[in-house]
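Q: I have a structure open here and would like to talk it through. Could we start with what counts as buried, and go on from there?

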Amino acid sequence: MSINEFIKNFQSQLENTDTVIEPETAYNQESYWDSLTAMVIKVMIEDEYGVDIEPEQITSFKNINELYSFIVEKKQ
């Protein structure tokens, strides 16, 4: 899994799939981020990567890169 693939999967879960997401994007500070989005991302992470993560934990990461690194580490 590359970070670009992860970002593409992340974007596909958003209501506006044209939203620009970069590794440095502080997604939890963006206007689209809410508890429902956190749940949608949780399900995507479980389905696509087999990693169980709580929505509160998803919200705790600083940016996409930190979330991606957590998932990569848990997959190993």
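A: A residue is called buried when its relative accessible area is under 20%, with a 1.4 Å probe. Please keep in mind that this is a predicted model.

Q: OK, and what share of the 76 residues in the protein chain is buried?
A: By that cut-off, buried residues make up 42% of the protein chain.

Q: How many helices and strands are there?
A: The protein chain has 4 helices and 0 strands, and along the sequence this reads as α-α-α-α. Its radius of gyration is 11 Å, close to the 11 Å that the globule rule gives for 76 residues, so the chain is as compact as a globular protein of that length. The C-alpha trace spans about 30 × 25 × 20 Å along its principal axes.

Q: Which residues of the largest nonpolar core touch the most other members?
A: That core holds 23 residues, and the ones touching the most other members are Phe 6, Phe 10, Tyr 27, Ile 45 and Leu 67. The elements giving two or more residues to this core are α1 (3-12), α2 (35-49) and α4 (64-75).

Q: Back to Tyr 27, what does it touch?
A: Leaving out residues up to four places away in sequence, Tyr 27 touches Phe 10, Tyr 32, Trp 33, Ile 58, Phe 61, Asn 63, Ile 64 and Leu 67.

Key
Residues numbered from 1 in each chain as written. Predicted model: local features only at pLDDT ≥ 70, side-chain atom pairs only at ≥ 80, totals over all residues. Heavy atoms only, no water. Rg over C-alpha atoms; globule rule 2.2 N^0.38 Å. Buried < 20%, exposed > 50% of the residue type's maximum accessible area, 1.4 Å probe, protein only. Core = buried A, V, L, I, M, F, W, Y, C linked by side-chain atoms within 4.5 Å. Contact = heavy atoms within 4.5 Å.
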